[in-house]
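Work through the exercises below with the sequence and the 3D structure at hand. Each task is followed by a solution in steps.

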Amino acid sequence: MEPILVEMQPGGSTTPENPHEGEEFGYVLSGSVLLTVGGAKHKLKKGDSFYFSPTRPHSLVNRGKSEAKIVWVTDPPNF
């Protein structure tokens, strides 16, 4: 597993990831984000978590007015 802390300013986003094997889990520590997996969009806020199989393109966007912090865990690791 590879845990990372994602810190996103308002308007910030992750680089869209291409489909790959494995599992992904995240927990929103603060702020709010929009998680896109394939064509599905999920609004997440502080205290929400997510889990998915990354077989479709996926990304996070901070559409809120404050910084968002997310613990994101990927398995297998990307390093």
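**Exercise 1. Find the salt bridges and describe the residues in them.**

A search of the whole structure finds two salt bridges. A salt bridge here is a side-chain nitrogen of Lys or Arg within 4 Å of a carboxyl oxygen of Asp or Glu. The model is predicted: local features need pLDDT of at least 70, side-chain atom pairs count only at pLDDT 80 or more, and totals for chains, interfaces and linings use all residues. Residues are numbered from 1 along each chain as its sequence is written, and side-chain values use heavy atoms, with hydrogens and water left out.

Step 1. Take Glu7 and Lys69: their closest N and O atoms are 3.7 Å apart, and the two form a salt bridge. This pair links distant parts of the chain, since Glu7 is in strand 1 and Lys69 in strand 7, 62 residues apart. Strands (E, at least two residues) are DSSP runs, numbered from the N terminus.

Step 2. Classify these two residues by relative accessible area: buried means under 20%, exposed over 50%, and partly exposed in between (1.4 Å probe, protein chains only). Glu7 has 47%, so Glu7 is partly exposed. Lys69 has 28% and therefore counts as partly exposed.

Step 3. Turn to the other pair, Lys45 and Asp48, whose side chains meet in a salt bridge at 3.9 Å, N to O. Lys45 is exposed because its relative accessible area is 52%. Asp48, at 22%, is partly exposed.

**Exercise 2. Describe the nonpolar patch on the surface.**

Step 1. List the members: Leu5, Phe25, Tyr27, Leu29 and Tyr51 form the patch, with about 480 Å² of accessible area together. Patches are made of residues with over 30% relative accessible area and no salt bridge; like charges are joined within 9 Å, and nonpolar side chains (Val, Leu, Ile, Met, Phe, Trp, Tyr) within 5 Å. Accessible areas come from the Shrake-Rupley method with a 1.4 Å probe; for residues, only the protein chains shown count as cover.

Step 2. Strand 2 (residues 23–30) gives the largest share of the patch, three residues. Leu5 is found in strand 1 (residues 2–8).

Step 3. Check Leu5: its relative accessibility is 48%, so Leu5 counts as partly exposed.

**Exercise 3. Which elements give two or more residues to the lining of the largest pocket?**

Step 1. Start with the volume: about 160 Å³ of space lies in the largest pocket. On a 1 Å grid over the protein atoms alone, a pocket is an open set of points where a 1.4 Å probe fits, with protein on both sides within 12 Å along at least five of seven lines; lining residues have an atom within 4 Å of a point.

Step 2. Of the 13 lining residues, those closest to the centre of the pocket are Ile4, Glu17, Trp72, Thr74 and Asn78.

Step 3. The elements asked for are strand 1, strand 6 (58–61) and strand 7 (68–75). Strand 1 gives the most, with three residues.

**Exercise 4. How far apart in space are Lys65 and Pro10, C-alpha to C-alpha?**

Step 1. Lys65 is found in the loop between strand 6 and strand 7.

Step 2. Lys65 and Pro10 are 55 residues apart in sequence, and their C-alpha atoms are 5.5 Å apart in space.

How values were computed
Helix = DSSP H or I, 4+ residues; strand = E, 2+ residues; numbered from the N terminus. Points joined across faces, edges and corners; volume = space filled by probe spheres on them.
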